[in-house]
Amino acid sequence: MPQDTELAQRLQAVTLRIVNAACHADRPAPVLLAVGKTRDAGEIDALCTLRLARGEARPGFGENYVQEAAGKIAALAGQPIEWHLIGHLQSNKAKQAAELFDWVQTVDRPKLAAALARHRPPQRAPLNALVQVNIDDEHSKHGCRPEDVPALAAAVAAEPRLALRGLMAIPAPHPDPQRRRAAFARMRALFDALAATHSGVDTLSMGMSDDLEQAVAEGATLVRVGTALFGPRERR
């Protein structure tokens, strides 16, 4: 686990990148979602404590796998963390995801939306949901096609146990930053159209450690950062 001083330095550096990008683009600074994939509960706890000390009321953390997240969520039940699922979700894991998470950012088909709604515990607030878009039409990526966003968003919005909050995407990792920025711009156009037809749509999740500046320039309201906060992942 990185020493607390190193972790604090990484957090400060990422925060400055986000603020500088927002200032340069004359846009509001997006929310930081720390990605904890392969990181243990101790690392997440340390970063959460740092973020709370900086004045964040409920720091957001993203996890890719339901099973990996379950143990961390239980271990960190005493921390006011907002938990996001940001990895592909199989329908047979929908029940567990609906019970564990505050947000699911990867709703990519009506069947999954229905399953999450069916299993959301009635004592909890509606599950915040983002429609995942395969913005570059990559065969290896999950997400709906851009032209299918309106229908899928309507299916999510029709579920009382879900709250449609916006869109999420992972554009193709083109080496040319302008190619990535173009994908982010297409996402922003989809987001603006969605927000015009659905109240409560306020979240555009896009941008990661190596391209958050391009995402912020095009209007990301949430960026997902792992490596720049925790350092490179160790090989398993």
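**Close-ups of a predicted model**

View 1. Strands here are DSSP E runs of at least two residues and helices are H or I runs of at least four, both numbered from the N terminus. This is a predicted model, where local features need pLDDT of at least 70, side-chain atom pairs count only at pLDDT 80 or more, and totals for chains, interfaces and linings use all residues. Residues are numbered from 1 along each chain as its sequence is written, and side-chain values use heavy atoms, with hydrogens and water left out. Strand 1 and strand 2 pair (DSSP finds at least two bridges between paired strands) in the parallel sense, over 3 bridges. Strand 8 (residues 222-225) also runs parallel to strand 1, joined by 4 bridges, and A34 stands opposite V225 there. As for cover, 4 of the 5 residues of strand 1 (residues 31-35) are buried, meaning under 20% relative accessible area with a 1.4 Å probe, protein chains only.

View 2. N128 sits in strand 5 (residues 127-133). It counts as buried because its relative accessibility is 14%. Setting aside neighbours within four places in sequence, N128 is in contact (heavy atoms within 4.5 Å) with D102, W103, V104, A163 and R165.

**View 3. Helix 1 meets helix 2.** D4, L7, A8 and L11 in helix 1 meet E43, A46, L47, L50 and R51 in helix 2. By class, that contact has 6 nonpolar residues (Ala, Val, Leu, Ile, Met, Phe, Trp, Tyr, Cys and Pro), 3 charged ones (Asp, Glu, Lys and Arg) and no polar ones (the others, Gly among them).

Technical notes:
Buried < 20%, exposed > 50% of the residue type's maximum accessible area, 1.4 Å probe, protein only.
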